[in-house]
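Please keep the model open while reading.

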Amino acid sequence: MTTNIMRLAKPNFTHYKLPWLLAYLLKWLVISLFVGALAGSASALFLIALDHTTQLREMNQWLIWLLPLGGLIIGLTYYYWGSDVAKGNNQLIDEFHTPDRIIPLKMAPLVLFGTLATHLFGGSAGREGTAVQMGGAIADQFTRLFKLKKRDRRTIIITGISAGFASVFGTPLAGAVFAIEVLTIGRIRYEAILPSFLTAMVANYACQLWPVGHTHYAITSVPNMNVPMLLLTILAGIIFGLSAWLFSKSAEYWSKLFSKIKYPPMRPVVGGAILAVIIWSTGAFRYTGLGVPVIVDAFTTQQEPYVFLLKILFTTFTLSAGFKGGEVTPLFFIGATLGSALSLVLPLPVSLLAGMGFVAVFAGATNTPIACILMGIELFGATGAAYIAIACIMAYAFSGHTGIYQSQMIGTAKHLRFGLERGKRLNQIN
């Protein structure tokens, strides 16, 4: 019996011939060049447009009063022309697990338009969703062009995700791993690791060829790791995981509430009107758009404990109402400001806690701890890698089986005691 098992486990090296491997590499190198160049350029154009849109809103804050009108335009556009691409990132994940049809290319311009409109009129949203959807839609068009088989189509969807993520944040390693980690909780799609990394590198380089820049963050102080520091980091990671859980549950709550409005185009109108009144009556302009200035400030200035809660509220309300964009940059905001506020009670440097929260809340909300560890190293350097890794892993473990991508599949339960059935989607267990 043991001999038979060993014989089955022994790899058959006769299949690993150099010509076949070179042909495989050449095939995906060509595809990665096309997908990476196009998706990276699309991300660059998006970032340029988003920067101008943000500046226009900040110079004309009265535009926030037009948020209901912007919501109506977005709602009508998706209702009449984009109902088949309205699921966004979840549609990419669905098409990976249960391939049905090529993702319509119109997903790219629709989400680009919707995101720019959301930011122009003051909605609280991110940008990763837009870049990933553009990358996925662009990549999937090559399925038909190259007559790819079912397995290759799944891989090319992964390349689109990695290209969009890597280029929009300037983090090719994190983007490549994010694409192969986000699809199934507890499983990394190693069969697509080569195309994912190739495309992420090409997309990041293509984006850098355009006149765009990425925000730089710095962790200025990292104490030596010891037992007390380890325990403090574990505690911080648990708190970051709970905040990720709160974000996911808040989005679920608001989505159910807005679903009671039976005519979908009216949802962002109602939501936009409520947001406009709240923003103007409270002066909460710092919670509109991406909130990058607040994120940068969190690394040097201790934030108030309520700041991260308000960003959760504004972002989940905005996106659940039907506005477009992503969740990741708001998650950066939430994590960085929460970490900064924790320095009030935890004896760790402000910049370190902000950096830990920056990536750890993201890890908990997307269930991608490995990608977030790599992102932390790419953004902040390797000096604080141990702190970042522990925070991301703890946040992942304590965020529960929730997440911002409801189409994620359960490959392996986070906690085997729960015995969650493999193959279920998050929306089946929430």
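**Overall form**

The model is predicted, not experimental. The protein chain has 18 helices and two strands. With a radius of gyration of 21 Å, against the 22 Å that the globule rule gives for 430 residues, the chain is as compact as a globular protein of that length. The C-alpha trace spans about 75 × 55 × 45 Å along its principal axes. Of the 430 residues, 55% are buried. Among contacts with a separation of 6 or more, 78% are between residues 24 or more positions apart.

In soluble globular proteins, nonpolar side chains tend to be buried together. The largest nonpolar core of this model has 115 residues, and the members that touch the most others are Phe240, Phe299, Phe358 and Phe362. Helix H15, residues 350-366, contributes the most to this core, with 11 residues.

What is Phe362 in contact with, leaving aside its neighbours within four places in sequence? Its partners are Phe165, Phe178, Val328, Leu331, Phe332, Asn367, Cys372 and Met375.

**Helices H6 and H7**

Two packed helices are described by the angle between their axes and the distance between the axes. Helix H6 (residues 128-145) packs against helix H7 (residues 150-169) at an angle of about 145°, and their axes are 7 Å apart. The crossing of H6 past H7 is right-handed. The residues that make the contact are listed here.

| Helix | Residues in the contact |
|---|---|
| H6 | Glu128, Ala131, Val132, Gly135, Gly136, Ala139, Asp140, Phe142, Thr143 |
| H7 | Arg153, Ile156, Ile157, Thr159, Gly160, Ile161, Gly164, Phe165, Val168, Phe169 |

By class, this contact of H6 with H7 has 10 nonpolar, six polar and three charged residues. Phe165 of H7 is part of the contact with H6, and Phe165 is also one of the partners of Phe362.

**Met229**

Met229 lies in helix H10, which covers residues 227-258. Is Met229 buried or exposed? Its relative accessible area is 13%, under the 20% cut-off, so Met229 is buried. Leaving aside neighbours within four places in sequence, Met229 is in contact with Pro223, Asn224, Pro347, Leu348 and Tyr387. Of these, Pro347 is 118 residues from Met229 along the chain, and the C-alpha atoms of the two are separated by 8.8 Å.

Notes
Residues numbered from 1 in each chain as written. Predicted model: local features only at pLDDT ≥ 70, side-chain atom pairs only at ≥ 80, totals over all residues. Heavy atoms only, no water. Core = buried A, V, L, I, M, F, W, Y, C linked by side-chain atoms within 4.5 Å. Buried < 20%, exposed > 50% of the residue type's maximum accessible area, 1.4 Å probe, protein only. Helix = DSSP H or I, 4+ residues; strand = E, 2+ residues; numbered from the N terminus. Contact = heavy atoms within 4.5 Å. Axes fitted to C-alpha atoms, helices over the stretch in contact; angles between N-to-C directions. Left-handed = near helix turned anticlockwise from the far one by under 90°. Nonpolar A, V, L, I, M, F, W, Y, C, P; charged D, E, K, R; others polar. Rg over C-alpha atoms; globule rule 2.2 N^0.38 Å.
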